[in-house]
Amino acid sequence: MILRLAFASLSARALTVGMTILAIALSVALFLGVEKIRTGAKASFADTISGTDLIVGARSGSVQLLLYSVFRIGNATNNMTWESYQDLAARPEVDWIVPISLGDSHRQFRVMGTTTAFFERYKYRSGQSLSVAGGAIMDDLFDAVIGADVAATLGYEVGAPIVVAHGLASFTEHKDQPFRVSGILEKTGTPVDRTVIVSLEAIEAIHVDWRNGAQIPGQSTSADAIRQMTLEPQAVTAALIGTQSRLQVFGLQRAINEYPQEPLLAILPGVALQELWQIVSIAETALIGVSGMVVVTALIGMMATIFSSLNERRREMAIFRAMGARPRAVLGLLVLEAVLMAAIGAALGLALLYAGLFIGQPLIDSAFGLWLPIEPPTLREVWVLLGVVTAGAIVSMVPAYRAYRMSLADGMMVRT
Amino acid sequence: MPDSDPIVLLKDVRYRWPGRKSFGLNIRHLELARAETVLLLGESGSGKSTLLSLICGTVAAGQGQVLLAGTDLASLTPGQRDRFRAEQIGLIFQQFNLLPFASVLDNIALPLQFAPTRRTRVDNAAQEARRLCIALGLPDDLLTARAGTLSVGQQQRVAAARALIGTPPLIVADEPTSSLDAETQGNFLELLFAQSRAHATSLLMVSHDARLADQFDRVIQMADVAQSLRDAA
Ligand SMILES: Nc1ncnc2c1ncn2[C@@H]1O[C@H](COP(=O)(O)OP(=O)(O)O)[C@@H](O)[C@H]1O
Ligand SMILES: [Mg+2]
């Protein structure tokens, strides 16, 4: 019955109570949403590469190397020479090596030159391999394999001709060498989805008539002529390496980092990821802090609402007292109301989160390549919700204590 | 606690509102027998409501004894006192008696929530509330209505039903009819009397309206029992 009275009292003040609950719900949804995106982003980053022991590139920062080689974020400042690459490939510790050549683009998607070994060696989400949804991996010089997002966004099917542009977001397109979509990959949730993959030779072929980023005037070599050329690359952007034995990883890393002919950098993907987390952890903490503050603000709003309702509810509290309720029961009633508001707010916030995920999932995926899974609430989220309700109870103690004092002083008579 | 004890007994009670020098209440002796109906008359500001608060134990006498059904209220802890009040007294105020957001039924049943013994005397709160409503001339389809939607006269009857439920030995009413018009007033009092007589309940009613006097067993003038010190400064 007390619970029923608390509900009735709340619904009698439906507007202010509704606003308070809405504020709590929105803040909870925001907090949980930020958490979802944060953990989702972390998980998808961590899932992007596995099975690769070392990533090698020209010397720069290890996070930078990781970002451009695996995540296609940012650009390489330097390449590593083909000689160095072949040197590495010949080392006894190296079980396999896959070259990566970046720098060109097709529409908004990056083009990556590599070998067919990439499709065998690249692993994501703890050991999963790439698989072809339609067509086949490249066979011809002008074949391109495209990621699922590339196909979906541009509406390409197997056999579609595509034109590759030199440089990123550049308008000088390599119109002379039309590529053809030979295969479309299954969706992976990794940057591969947004990549156009061609052979290393193809990257060279694109640049036959180019020097220093500009087309050589009047020169235009036909596709057939290019096919006759030996297209050995001068340089690659990076390389993925698998070692014969895990024990050799650190030795090989040191050897590469001390490679005398050229300044190179070898990184362990896991270690570089950790470094990345450290860099973003400040931003993460700030993000959690800000969204946490929003929840606190909503709860303080609730406290203000309860405070401002106290005077008009003096009569109500006097009635409870006259009927035999202890001042403590009056305090309890107010805390109960606050707990109800916070609980409804938290539940509504959770509902908003799922509604938001449901609507936002494909949008976030296409905009940021981040697939947020819709799962039942995690233990952590349950704790957050319980925490909000508890905090609501604690915060409401302040006005409830005031009501307690008031009802002690008023007794059962309110002079109005 | 034998039932022969007077339901209310005040001996040499002095009371002063904290921080209020201008008003004080002295009561040498005030007694109310079981099943007696008493009208307490006094002008406004003479301390009638203060006296009721003393009897209900929501304020504690500075000196002297307040015995309710033979129990000295000062011997109880505040919590026990609240519970004791709920068990012994059905209260009706001048107005704004009810929780406006709650149903009539919940309002009537509310004191049972804090008075376990009174609750045991009621088998089925809803049925008893309905019976009281009908006895007090309220249509029983009102039970589920929100109390705030009732007329003032209806609200006072609901308050009476709430005071009567579980038959506490004492009904205390603080000017319960002053917000009602003359006809409703007479009607209300008759019903209240009938119910309290039926259960041999004592009734202590406060008013400043001397015309009600002949309906009560006894009339007490505030001026006779109490010395109200006013404007002592
Ligand atoms: N809660 C209170 N705090 C301080 N003074 C009070 C309080 N309630 C009543 N008084 C004072 O006690 C005096 C008597 O009031 P009251 O008992 O309400 O008289 P009555 O009910 O006879 O009109 C008045 O002077 C009033 O101002
Ligand atoms: Mg009064």
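1. A residue is taken as near a molecule if its C-beta atom, placed from the backbone, lies within 6 Å of it. In this predicted model, 12 residues lie around ligand 1 on that basis, and those that come nearest are Trp17(B), Phe23(B), Lys48(B), Ser49(B) and Thr50(B). The site is shared between chains, because residues from chains A and B surround ligand 1.

2. The make-up of this shell deserves a remark. Helix H1 of chain B, residues 48-56, gives the most to the shell around ligand 1, with 3 residues. By class, the shell divides into 7 polar, 3 charged and 2 nonpolar residues.

3. The contact between the chains can be described from both sides. On chain A, 19 residues are in contact with 22 residues of chain B. Two elements of chain A give two or more residues to the side that touches chain B, namely helix H1 (2-12) and helix H11 (314-322). H1(A) provides the largest share of that side, 6 residues. The residues on this side of chain A comprise 11 nonpolar, 3 polar and 5 charged.

4. As to domains, the assignment for chain A gives domain 1 as 2-45 + 281-410 and domain 2 as 54-267. The C-alpha centres of domain 1 and domain 2 of chain A are 50 Å apart.

5. Within chain B, one helix pair may be examined. Helix H3 (residues 104-114) of chain B packs against helix H6 (residues 152-164) of chain B at an angle of about 35°, and their axes are 7 Å apart. The crossing of H3(B) and H6(B) is right-handed. From H3(B), the residues in contact are Val104(B), Asn107(B), Ile108(B), Leu110(B) and Pro111(B), which meet Val158(B), Ala161(B) and Arg162(B) of H6(B). This contact of H3(B) with H6(B) has 6 nonpolar residues, 1 polar and 1 charged.

6. Most residues other than glycine have a negative phi. Arg107(A), which is not a glycine, has a positive phi of about 50°. Arg107(A) sits in the loop between strand E3 (94-106) and strand E4 (109-114) of chain A. Because 13 C-beta neighbours lie inside 10 Å, Arg107(A) counts as partly exposed.

7. The second case is in chain B. Glu175(B) is a residue other than glycine, and its phi is positive, near 45°. Glu175(B) belongs to the loop between strand E7 (170-174) and helix H7 (182-198) of chain B. With 18 other C-beta atoms within 10 Å, Glu175(B) is partly exposed; the threshold for a buried residue is 20 or more.

8. Helix H10 (residues 269-310) of chain A contains Glu284(A). Glu284(A) counts as partly exposed because 15 C-beta neighbours lie inside 10 Å. Between Glu284(A) and Val70(A), the C-alpha to C-alpha distance is 22 Å, and the two residues are 214 apart in sequence.

9. Asp365(A) is placed in helix H12 (residues 327-368) of chain A. The C-alpha atoms of Asp365(A) and Gly324(A) are separated by 59 Å, and these residues are 41 apart along the chain. Leaving aside residues up to four places away in sequence, Asp365(A) touches Leu370(A) and Trp371(A). Asp365(A) is partly exposed, as 16 other C-beta atoms lie within 10 Å.

Technical notes:
Residues are numbered from 1 along each chain as its sequence is written. Chains are lettered from A and ligands numbered from 1 in the order in which they are written. This is a predicted model: local features need pLDDT of at least 70, side-chain atom pairs count only at pLDDT 80 or more; totals for chains, interfaces and linings use all residues. Axes are lines fitted to C-alpha atoms, for helices over the stretch in contact, and angles run from 0 to 180 degrees between N-to-C directions. Helices (H or I, at least four residues) and strands (E, at least two) are DSSP runs, numbered from the N terminus. A crossing is left-handed if the near helix is turned anticlockwise from the far one by less than a right angle, and right-handed if clockwise. Two residues are in contact if their C-beta atoms, placed from the backbone, lie within 7 Å. Ala, Val, Leu, Ile, Met, Phe, Trp, Tyr, Cys and Pro count as nonpolar, Asp, Glu, Lys and Arg as charged, and the others, Gly among them, as polar. Domain bounds come from an automatic or database domain assignment. A residue is buried if 20 or more other C-beta atoms lie within 10 Å of its own, exposed if 12 or fewer, and partly exposed in between; C-beta atoms are placed from the backbone.
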